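Please read them with the structure open.

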Amino acid sequence: MAANAQKAGDNSSAKGSIFNDPKVRGLVYQVLLIGGLAYLIWSIIQNASYNLEKQNIASGFCFMDGTAGFLPNQALIELSAVSSYGRMLVAGLLNTLLIAVIGIFFATIVGFIVGIARLSNNWVIAKMATVYIEIVRNIPLLLQMFFWYFAVLRALPHPKQSYDFGAGFFLNNRGFFMPKPIFEDGSSFIGYALIAAVIGIFLLSKWAKKRQIATGQRFPVFMTSLGLLIGLPLVAYFIAGMPISADLSALKGFNFKGGMKVIPEFVALLLALTIYTGAFIAEIVRAGILAVSHGQTEAASALGLRKGPTLRLIVVPQAMRVIIPPLTSQFLNLTKNSSLAVAIAYPDVVSIGGTVLNQTGQAIEIIGIWMIIYLSLSLITSMLMNWYNRSLALVER
């Protein structure tokens, strides 16, 4: 009897100890949470399927092969009125990538310039940078887009009164027209020369860094790289017999024909995203520079370095470890803010997807495509920036 009672007590204490174990309890809670989320998702899918069937709306992505019947005002791939919905969405995705990449590039440049300018000893420059940041950050991005599109670009003259910059460059309220390069036979050699120049610049920078560490002597990497980047393609251009010609824009009737056109919607969106995001990046850069110990600049001054080299070689490289994480968030914000382009009819993936949605009624599928695209772009951007951040991390010896 006593042995049985003791065994029962041991079993109950074992069960109690298992239930009181934080790891087991956490595992049970996680399983319950995952099960609840799975049931919720399943319920949503079932409810959506029932409502779609009730309204005689077909689900699935078969509509992607249908004829779109419309043309966007900008496309990086060949399109026609009989192109499929899927091809139209690809064109919208490429337009989104175009504005995101160019916007990130220019916003980063503006942010670094203004952020450094705000720390300038020159009172006028510092106050101008402060006024820019405080004004731009507190005006909604959508209003800034409207300002550039309606108040600036739409106020430009009509095609017949275009601003003529010479050499085939014209500016009017329908866009910026410029010569379009025509690549003929042999132009591929110029591309190969450009790739060779980029590889040469990469190898040169690695060699120059090792040389500086070993001898203390600096090599003019920037000027040499610039010479390679311009010189090699230029030499290949003449060797190949100048295989690139230009198609010039010309006024025919009420608009320009030929050449290459940058639509005002693209320019307005690029200006708004660049100026707005650049203001936030400027504050991130300022905070990163202030996070670097003042003793670093004092040590550089003691070695005889001027302010420019001190900032470029000592302060900014150390500040990048503080700048990169919040800078990544701004890059993500710029990419996602580009979806506001629908307000000024720039044909990004949201604008074209909205047209497809109105024609097909496939709301769930289109919204799902939008979510997947922006999620993928955010994850790719974060992955690249995290890789760059790890390359800047201090390595303990």
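**Notes on a helix pair and a sheet**

1. Helices H10 and H12 cross in the right-handed sense. Keep in mind that this is a predicted model.

2. H10 covers residues 307-337, and H12 covers residues 363-392. Their axes come within 10 Å and cross at roughly 165°. Angles over 145 degrees count as roughly antiparallel, so H10 is roughly antiparallel to H12.

3. Which residues of H10 and H12 make the contact? From H10 come Met320, Arg321, Ile324, Pro325, Leu327, Thr328, Phe331, Leu332, Thr335 and Lys336. H12 supplies Tyr374, Leu377, Ser378, Thr381, Ser382, Met385, Tyr388, Asn389 and Leu392.

4. By class, the contact of H10 with H12 holds 11 nonpolar, six polar and two charged residues.

5. Now the sheet. It is open and has four strands, in the order S1-S2-S3-S8. The pairing is antiparallel. From one strand to the next, the twist averages 20°.

6. S1 pairs with strand S2 (residues 169-172) over three bridges, in the antiparallel sense. For a point to check by eye, take aspartate 164: it stands opposite phenylalanine 170 in S2.

Note on methods. Residues are numbered from 1 along each chain as its sequence is written. This is a predicted model: local features need pLDDT of at least 70, side-chain atom pairs count only at pLDDT 80 or more; totals for chains, interfaces and linings use all residues. Side-chain values use heavy atoms; hydrogens and water are left out. Two strands pair if DSSP finds at least two bridges between them. Helices (H or I, at least four residues) and strands (E, at least two) are DSSP runs, numbered from the N terminus. Axes are lines fitted to C-alpha atoms, for helices over the stretch in contact, and angles run from 0 to 180 degrees between N-to-C directions. Angles under 35 degrees count as roughly parallel, over 145 as roughly antiparallel, 65 to 115 as roughly perpendicular and the rest as oblique. A crossing is left-handed if the near helix is turned anticlockwise from the far one by less than a right angle, and right-handed if clockwise. Contact means heavy atoms within 4.5 Å. Ala, Val, Leu, Ile, Met, Phe, Trp, Tyr, Cys and Pro count as nonpolar, Asp, Glu, Lys and Arg as charged, and the others, Gly among them, as polar.
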